[in-house]
Amino acid sequence: MGDYHHGPAKGLSRWLFTTNHKDIGTMYLWFSFAMFILGGSFAMVIRAELFEPGMQLVDPAFFNQMTTLHGLVMVFGAIMPSFVGLANWLIPMMIGAPDMALPRMNNWSFWILPPTFLVLASTLFMEGGAPAFGWTFYAPLSTTYAPPSVTFFIFSIHVLGLSSIMGSINIIATVMNMRAPGMTYMKMPLFVWTWLITAFLLVAVMPVLAGAVTMMLMDIHFGTSFFSAAGGGDPVLFQHVFWFFGHPEVYIIILPAFGVISQVIPAFSRKPLFGYASMVYATASIAFLSFIVWAHHMFTVGMPVAGELFFMYATMLIAVPTGVKVFNWVTTMWRGALTFETPMLFAIGFLILFTIGGFTGLMLAIAPADFQYHDSYFVVAHFHYVMVAGAVFSMSAGIYFWLPKWCGRMYNEAMGKTHFWISFIGFNLAFFPQHFVGLAGMPRRIPDYALQFADFNMMSSIGAFIYGASQILFLYNVIATIVAGKPVSDEKVWDGAEGLEWTLPTPAPYHTFETPPLVK
Amino acid sequence: MSFQAKRLCKLTLGPVLMLTSALVLAAGGETSQVNMSPGVTEVGKNIYDLHMIILGICTVIGLGVFGVMFYSIIYHRKSRGVAPATFHESTAVEIAWTVVPFLILILMAVPATSTLLQIYDNDDADLDILVTGYQWKWKYEYINENGENVSFFSNLKTAQGEIHNLEAKGEHYLLEVDEPLVIPVDKKVRFLVTANDVIHSWWVPALAVKKDAIPGFINETWARVEQTGVYRGQCAELCGTNHGFMPIVVNVVDQSEFDQWLGEKEKDAAAVKKLMAQNFTLDELMARGKSVYARNCQACHGANGEGGVGKAIAGSPIATGDLATHMDVVIHGVPGTAMQAFGGQLNDVDMAAVLTYQRSAFGNNMGDKVQPIDVFNHKKG
């Protein structure tokens, strides 16, 4: 045990004033789980309304508020903060640092999040209701035709961006300055690499999002016409600016997930990651390409054909580095000695489902075909395969993988596996049929639908309820582990796990590496 | 078997059905519920072919990748007592799986490019139709270089009772309109797509046409339909509360039938022009007003003026108050609310009729008549 100069403070002030990367990581993770449940309950409202044709539970206006808040809460409240939480916990442990480089900013970047989501959620109770223009908030629906609560929404987006930028600067500063002696860039674990690249993406695009919402604010309150053709502006400009942020954003979400999978698969294959260097280069290429493909979200807005062709070719190119990653993971498993504990099950689930999502992504890249896919349920199915089965499955894998190290207690394996199988079945039942209804012509974001879509929608709703319920099992398992899990004494926890974080005592001490380890 | 019972059967078989039906029906064509339809245009067939090719490529690669993975999962498991290999790179293999996918993509880009160029070939149309998206209906205007344009609105026809589960749902639930778009078969029809308020998107899957309708801009797209029939679609871009309730119905007919239909429409337009100069009795106005109300007002204000998305009209201080204020609200709308400006949507006869109707129906016993000339004068200011 280390010599503690000062341990955690007692009571609430430990959490309010903490500058400890583990405490802050813990708060990020719990906060994001709370948001996951909130955003998930919005999804349950959506799926309950879509269970059968006809309007049953909510009115169309409230339905639109649900789809909007579901997207916003899941992207900005659940997935992004969860990976920041993971980064806070793991980056110092993985690079041999005592803590994050900028601990006070770290505290601040977390603590501005909860009030912001309180503001966002409170719009539900405002006159005119919550934002109802979709998480992509296209103008002029989000400006001239928006409810008054849009101003609070704009404020929330600004603060969320601020939090993300501070978190990213912190990660960049930590990785660049606080690596242990001998920990060269090309020795860093892939999770650190993917987060470093993600942090640069965040710093580059969050200000663009801030610009978009500021222009909205000006249009709404100060008489400008950035997005109004009547005043000489252009509604399509909004979409260009939004997707210049929005496309890198999806890689911001998925790259850290790639990082987690690249740690988990080698551990349970008992074999080093195949193609480490190509993994790093592939991640960097994906990040670069993410800046020049944004308008593939806009194939139907009436761009010139040259623009369509450019964005189609650039988007198709992304399949190459993404393919490299998938091939590398599969080859890592090849001739390993595999075992299938819960983290590995989630990683394999990720691999299969993310690959399917990648394939549909390639299909969507084919601009002429996109004229049929665009804004249909096919798109909804596609991005849930990459967001849920990609980001959320990898997050589950990561939690089961590192939780025993963090708290020194083992989770219940049988319950973990049950969580995986229920999630896997529920997820596929929920989202696979959405490919079919999309191809058959069902548009997204509608509260009611024609009769030929009824069967698959009912199936989808049942699957969504199953997937939602499985998360309660996850919550129970995590709490039970922390409170009363079987103590783990082994430093490594998993026999195949490699990396500096596993050289620390179990549970991980409050301060990480007080003297830097030497990396050979 | 009843509809419900059939659905229950299908649902219990759900997952099995999903996989088998995907395979069996994938090539099933127009009626498929699990796959894209090749539709009734050449562009649609080309898009369908692209879709099937890329789906095929993905399936083959997927089977390969998952095959290797499952082989590992089965044969390379620790419980079989295998010792893990230690290799972790191979330049040759890594170059191969970078270059091969790249080449496949280039092959794929060729047909995709040619289809895209075909979609963008908007020239030499036989007929131009201006399609305007409104919250929440479509307006179609046939552009006639030699005379009056014919134009009309196309509203959802499904009854509110069906939507709220008070009546049985019809076969074309939510995909039926009061007045469909009519176009001739085998003619290149160019659609000039725009919007009046927010962004909408005009999508008819069978025509393989989807184009965003953007206020202030006009987008072009086209279709040459090869088969007569009725084709249905929906607005594809979230456009506010009733986004899910603005369907599109396209009735594709022979040229002769089309000419006859257009001729009648032109006559109707001329007749309305004549009506503008007439005075009507209260009963005439009420009868006409009732049908105008059902088409344009009912969705938001309720069948009995009881309100809904919009305010109640029964007992409303506007409908039972000063006529000029009432006209202002209906003609110019209420900015910042769902109440649109109907001045450009209804002709003066229909406007006069619906104003009269609102003032004397639902227990609003005003009894005053609004004539087309009153509307005309009010608009002039």
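I began with the interface: 105 residues of chain A are in contact (heavy atoms within 4.5 Å) with 95 residues of chain B. The model is predicted, so I note its limits: local features need pLDDT of at least 70, side-chain atom pairs count only at pLDDT 80 or more, and totals for chains, interfaces and linings use all residues. Residues are numbered from 1 along each chain as its sequence is written, chains are lettered from A in the order in which they are written, and side-chain values use heavy atoms, without hydrogens and water.

**Entry 1. Interface**

I looked up the area buried between chain A and chain B and found about 8,500 Å², with carbon and sulfur atoms giving 72%. Buried area is the accessible area (1.4 Å probe) that two parts lose on being put together, summed over both.

I then searched for salt bridges, each defined as a side-chain nitrogen of Lys or Arg within 4 Å of a carboxyl oxygen of Asp or Glu. The rule finds one across the interface of chain A and chain B. Asp495(A) and Lys78(B) form a salt bridge, with the closest N and O atoms 3.7 Å apart.

I listed the elements that give two or more residues to the side of chain A that touches chain B; among them are helix 3 (60-95), helix 8 (235-269), helix 10 (305-317) and helix 11 (319-333) of chain A. Helices (H or I, at least four residues) and strands (E, at least two) are DSSP runs, numbered from the N terminus. Helix 11 of chain A gives the most to this side, with nine residues. I noted that the residues of this side divide into 69 nonpolar, 23 polar and 13 charged. Here Ala, Val, Leu, Ile, Met, Phe, Trp, Tyr, Cys and Pro count as nonpolar, Asp, Glu, Lys and Arg as charged, and the others, Gly among them, as polar.

**Entry 2. Aromatic pairs**

I found 72 aromatic pairs over all chains. Rings of Phe, Tyr and Trp (its six-membered ring) pair if their centres lie within 6.5 Å; planes under 30 degrees apart count as stacked, over 60 as edge-to-face and the rest as tilted.

Phe76(A) and Phe245(A) are stacked, at 6.3 Å centre to centre and 10° between the planes. This pair links helix 3 and helix 8 of chain A, 169 residues apart. Both Phe76(A) and Phe245(A) are buried (under 20% relative accessible area, 1.4 Å probe, protein chains only).

I classed Trp294(A) and Phe311(A) as edge-to-face because their planes lie at 65°, with the centres 5.0 Å apart. Phe311(A) counts as buried because its relative accessible area is 8%.

**Entry 3. Backbone**

I checked the backbone, given that most residues other than glycine have a negative phi, and most peptide bonds are trans.

The peptide bond from Thr506(A) to Pro507(A) is cis, with omega near -10°. Another cis bond joins Gln135(B) and Trp136(B), with omega about 0°. Trp136(B) lies in the loop between strand 1 (127-134) and strand 2 (137-142) of chain B.

Val493(A), not a glycine, has a positive phi of about 60°. I recorded Val493(A) as buried because its relative accessibility is 16%.

Methods. Buried means under 20% relative accessible area, exposed over 50%, partly exposed in between (1.4 Å probe, protein chains only).
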